[in-house]
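Subject: Structure for you to look at

Hello,

Here is the structure I said I would pass on.

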Amino acid sequence: MKRNFNMKNVILIFLCILSIIFFSRVLPHLPNFTPVISLAIYSSFFLKRLGIISFLISYLFVDMYLGLNSILIWTWGSFLIILYLSNFIKNINHRILAIFSMPTIFFLITNFGVWTTGYYGLTFQGLLKCYTMALPFYANTLVSTAFFSLLIEFIILFKKRIFQT
């Protein structure tokens, strides 16, 4: 499906994505309970290149505001993979699969990055400890991605029903 966006819509989309990413990372929340992965999945799926660019620029602005960290490359790498893979989503079954697989990709990549800092020791046991200690965060990421994705799906359904002719 070819999508044509005028400049006003492009700016509005960018500001919405920027606002969601900013407020979800700045306002108090449970650890890793944010809409960021859902936003990456759905912005890439629905808006393709525009969604990917808007997400990345927005995330960069927020990272610059919050400050950079030692695992930034791993976080950004996981989001680049999530954004790329979300382009291949074709239907609701793929979206359901993405809701559970994309947080797993994020968990595996970012926690590998945490392990490379040496905090848990650069051994196989340290790697296992790093992943084990991160499991509560992974649970929050899975639940939040499912929750916010379900919210987006309801908005899509509501929009289809309201504007149906």
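The notes below go through the helices, the core and the aromatic rings.

This is a predicted model, in which local features need pLDDT of at least 70 and side-chain atom pairs count only at pLDDT 80 or more, while totals for chains, interfaces and linings use all residues. Residues are numbered from 1 along each chain as its sequence is written, and side-chain values use heavy atoms, with hydrogens and water left out.

Helices

Helices here are DSSP runs of H or I with at least four residues, numbered from the N terminus. The expected span of a helix is 1.5 Å times one less than its number of residues. For the 20 residues of α1 that gives 28 Å, which agrees with the 28 Å between its end C-alpha atoms. Just after α2, G67 has a positive phi of about 110°.

Buried means under 20% relative accessible area, exposed over 50%, and partly exposed in between (1.4 Å probe, protein chains only). In α1 the buried residues are I13, F14, I17, L18, I21 and S24. They lie on the same side of α1, because they cover an arc of only 145° around the axis, taken from the directions from the helix axis to the C-beta atoms. The face turned away from that side carries the exposed residues K8 and L12.

Core

A nonpolar core is a set of buried Ala, Val, Leu, Ile, Met, Phe, Trp, Tyr and Cys residues joined through side-chain atoms within 4.5 Å. The largest one has 30 residues, of which I41, F55, F79 and I82 touch the most other members. Helices α1, α2, α3 and α4 each supply at least two residues, and α2 gives the most, with 14.

Aromatic rings

Rings of Phe, Tyr and Trp (its six-membered ring) pair if their centres lie within 6.5 Å; planes under 30 degrees apart count as stacked, over 60 as edge-to-face and the rest as tilted. There are 19 such pairs. F22 and F23 are edge-to-face, because their ring centres are 5.2 Å apart and their planes at 80°. Y42 and F46 are stacked, with centres 6.0 Å apart and planes at 25°.

Regards
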